[in-house]
Amino acid sequence: MSDEKPPQLVDYFVVAGLAEASRALEEEQQARPARPGEPITDVAVIIRSQGEEVPQGFTCIETSTSGHPVDLNAGLLNNPQMFLCYKRGRDKPPLIELGVHYEGKDRPKPGYQILDTTPYSRSANLASGSPGHQRTFLTFRRAAEPPGHHTLGVTDICLVMPSKGESTPHTFCRVDKNLNTSMWGPALYLCYKIAVAKDNTLVYEAGLLSRYPEQDSESFPLPESVPVFCLPMGATIESWPVGTKYPLPVFSTFVLTGASGDKVYGAAIQFHEAFPRERLSEAQALRLGLLSVVDRRPVPGRSLHTRKSICVLSHWPFFEVFRKFLMFIYRYSISGPHVLPLETHISHFMHNVPFPSPQRPRILVQVSDLGRVFEWPGGSAVSPSTSLSPQMSPYDSLLLCRPVSSPLPLSGASFLTLLQNLGPDNAVALLVAVLTEQKLLIHSLRPDVLTSVGEALVAVSDRRGHPGDTLGTPWGHWFLRSRERAYQRFYGQLLRTQLFTQFIEDCSFASDREPCLEFFDTCVDKVQVDLEKPEDTPLMELDDPRGGEHTVFITPPEQPAGPDGTEPPARYRYDGFPTLRPELLEPPRDPLVAQLCQARSSAPSSPAPRRTKQEMKVAQRVAQKSSAVPELWARCLLGHCYGLWFLYLPTLVRAAPAKLRALQLAYDVLRKMEQHKVVLPDEVCYRILMQLCGQYGEPVLSVRVLLEMKRAGIVPNTVTYGYYNKAVLESKWPAGTQGGRLRWAKLRNVVLGAAQFRQPLRQRERRSAAGDPRGAQAPPAPRPPLQRQTTWAGRSLRDPPPAPRLVKSGSLSFPGSARSEGGARAEPPLLPSSVSLGSELDLSDASGGSSGAPKSTEPSMDGTVGTEPPALEVLLSSCSRCPGCAGLVFDEELMAGWTSDDSNLNTSCPFCSRSFVPFLSIEIRDFRRPPSPPGAGPVPPSPQGPVLSDRRRCLELDETPELCNGCAETPPPGRWERVAFAYLSPLVLRKELESLVENEGGELLARPELVDSHPIIFWNLVWYFQRLALPSNLPLLLLGSQHAPRDPQPPEPSRVRVRLLWDVLSPDPESCPPLYVLWRLHSNIPPRLHPWGPAPAPFSLTFLEALLSHVGLNEVHKAIGLFLETLAAPGAPRTLHRSIYRELLFLTLAALGREHTDIAAFDRRYRSALGKLGGALGRDELRRRRAQPPSAKASDCRRSFGAPPEC
């Protein structure tokens, strides 16, 4: 497993404010602009032509910004002269917004007041002198009462005439409605400025007051500019009137970008606290209005305050969680007394709250159990839930969730905030400016909004590497000609930017921005579809991981126990936010807690095995559509199984001594998949092989893989095409031509062909030398019929068999053609064992199965031959018992019952339709002998004979009880154990394997820890790889696991043999043996499993032969009817765990042999027979008695996967 340090949630906690070394910003060489003294609290309209004067305390606007005279009603000469006036003050809440209302056209906005009369009670209609024109009035909105000291308000008003060359002044807002609605006169617009209107304030550069930890991290030292970002408007000393309410803490965010492009996110809150008057100088007191200018006497009724900030720095933009935590820390500092110091909660949050991981996506942090009421600075008792944060009460917890999975990179961007504040038109204008690499200046009085909007614009133009030069290409001039003429200027500017060049480079080669590029291609496809068929299709589909059930609860810090177990006294109370004391900070978290809560942050060796989020969604949709079509469902499952093997392919190639041979094997698997029309839901199989071709320098093979993709009708996306280009352009191509190798290959084929023609001549020469005058003209010996067919159709097993003979041929189709050692043909014996089910029956479906398990003499999964004695033997069976009806559900039926949900482990029973989780039953047999006693000789190797399905080795037939159909009984193991784990659908298993590789690295698939730490994934992979005859080294991992303790006696064989079973692994001693087991028992063949229950009297040998006779004569309906009658006879078993179909199929396979049984033809005959019986007995009755055949889904799954090789 990975030993990397888990990601830390919070890096630093910072307290910023007025430090000893802070310098006054007003004393800089470049003087700051004068702050407005008081906000505007009222506006009025006067009509001077009617004799109205400017009201007392108001200021009249008589000229525009450039000095031109303005009249609000200058459309005609005889119109009344109207002017705008405003008043400043602090006696009421300030105005925060102005507007223009067209009566009859606009609806009044909520919260706005219409200025409909002048101070002299005349109509304030700005179009009063123009009959027939719509009435126009000024509107305003006032701040809520009571106003705070830092409330935003309108601080200035002006009028502009665009026809005179005037524009909106900097930092002003313009009301986009013309005040002059008549057809005559210039257009006139109202502009106003919003700012924090305050006086009696000293502004200083913010400094660092306190930090934790005090030492810099090696990977991320604390930047010196952090205090400035915490207090962008500076650390202030402010003089307020007595009785002014404290403003609410202001939350702000910022982003620090390093030289390497790494981002650090800051979350801070700004608040005010009392400042001692003794620390002020006389000059400062004068500027703050605390001393009179004439006699320097103290001014009563004033209070003194300063602005501070607390901040957390993190590499993760969990702004909402950080806001709640900082609000809790601030409330803790203004309340009390407390038992625990403030430092304990800060260090506890930094050390003991882990980063959410895929295994634990939810972290629930209980901060504390504070009281309901806090004593607010200033003496008023307020409810913190309403005055501090309406979304957090003292008993609330912090819920830290794993970031929502998105194709866009994780950042502090909020495109919704950008659209809400700038509008669609301005957002599009900004996008064009970003794409053409224009310089932008963004201004806002709300720091959190500024961060969200700025990060959104940065996310649009984010590029990790900047190319050195931008070169024109011929295809770029062709791209311009393909665009519309109206947009060629824009595209011409875009092609010359570094942003576009980097985009083309990222699309052409593999890069770390693959998810973004794949998301871009997906959006383009959706937009093109929308143009043809307009639909409301979202471009982005988010996966919310917060719905997981795995939650880690983090409790608050424990309070120390007082003397005699009593509660300790509460002795921590703060007059202001304190300077952090190192002795009160907790040490780092305990290693056990870190191990419990840590997230595996190691990534796989390459990003190729990962599916993009869009590919996962497409695969889910394909699975949903395929689940309704039986044939497509089987191919879908098969495609995901091959996807599992290609996820394992990098591990297999890394361990292979011949890399090219392993890659060629993977290419052959791709071609095999195409031949069997496997449904691939994504491009991962091709992508992984292309990535490996580039890694091991095989560009020719990568070209062949691309051609296979095109032949399969798959268009590579940006990610796959990037790996292809990298493999082709960066790998070393073979030098010279392949002409010499091709000529040698042709010569070899000619020699081999000539040798094949000479072989009959040599046979004739040998016969002539043996004294046969006929030589090659002798007619071939007649081939006798197969003994297995005459057993159940004619001769009874009770007939005496002829004398046995030794046969040295591997041909089972025609035993009469076998050769003896002397070259003469020998007649095969007619033994009962030759017609029974052997110890390793090959049940692979020859009627069109896409792939079957390998024969016993072919190289096994670990590359060894089947005759070598194994160290371990593993038996696996997926046959599961339904907990509802106790019926046995076999592998193909389990596959048919799975759903398309890649998180659902359940299948459905074909008999009672109950959902349950199937299991893989595993039996591990250890054949390694215990240490021999001193003086004992070596243990002779146990005889290992061939099996029934062995065509290339000799078949030894003997009457000894140790042999079963020519195969010696397996020697008893030294030790054995049985385990069972959940049997997963390929869709579920692929999702789990991808998560495992992403979190713990692909190297884990080559280590024995996989067996013990992730047994469900391991055993399911072994099952599927063995089922499809796909090579892997997974079985060898058992030798280093807890299932096979190491033996101190070397040397010992290192081979692991895996056998797949169709039927149950361990029988129920109280249940009736199945018919094929009874056939073995009647044939004196020891069964594989012990012990079985007693055989019922009705299930005699005569009954079994009668069933086989009906099946052999294509009278399957009679066999079913006989079975149903026998079940109703006295002494028959009451419950039947296997269906009638399964009993007859297994009995036929046991008697006839797998090599001579067409399972697909048997299914057709069985369904036809069931149709004949349905009219007499009824389909419901047949289903109740479990006589129905497998569903179409189950049959297609067995045809696609092949049947397990043993019963």
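**Nonpolar cores, an open sheet and an annotated repeat**

In this predicted model, the contacts of W1019 beyond its neighbours within four places in sequence are formed with V874, L876, L920, I922, I924, F981, L1038 and H1043. W1019 belongs to the largest nonpolar core, a set of 91 residues in which W1019 and F646 touch the most other members. The greatest contribution to this core comes from helix α14, which spans residues 630–655 and supplies 15 residues. Another core lies apart from it and comprises 45 residues, including Y212, F319, M327 and L580. In soluble globular proteins, nonpolar side chains tend to be buried together.

Turning to the strands, an open sheet is built from 3 strands, arranged in the order β2-β4-β3 with antiparallel pairing. Because β2 (40–47) and β3 (58–61) each have a single partner strand and stand at the edges, one side of each is left without a neighbour in the sheet. From one strand to the next, the twist averages 30°. Strand β4, covering residues 82–88, is joined to β3 by 4 bridges, and the two strands run antiparallel; within β4, C85 is the bridge partner of C60. Strands of a sheet pair through backbone hydrogen bonds, in either a parallel or an antiparallel manner.

In the model, the chain over residues 682–716 is 71% helix and 0% strand, and the C-alpha atoms at its ends are 10 Å apart.

Note on methods:
Residues are numbered from 1 along each chain as its sequence is written. This is a predicted model: local features need pLDDT of at least 70, side-chain atom pairs count only at pLDDT 80 or more; totals for chains, interfaces and linings use all residues. Side-chain values use heavy atoms; hydrogens and water are left out. Two strands pair if DSSP finds at least two bridges between them. Axes are lines fitted to C-alpha atoms, for helices over the stretch in contact, and angles run from 0 to 180 degrees between N-to-C directions. A nonpolar core is a set of buried Ala, Val, Leu, Ile, Met, Phe, Trp, Tyr and Cys residues joined through side-chain atoms within 4.5 Å. Buried means under 20% relative accessible area, exposed over 50%, partly exposed in between (1.4 Å probe, protein chains only). Contact means heavy atoms within 4.5 Å.
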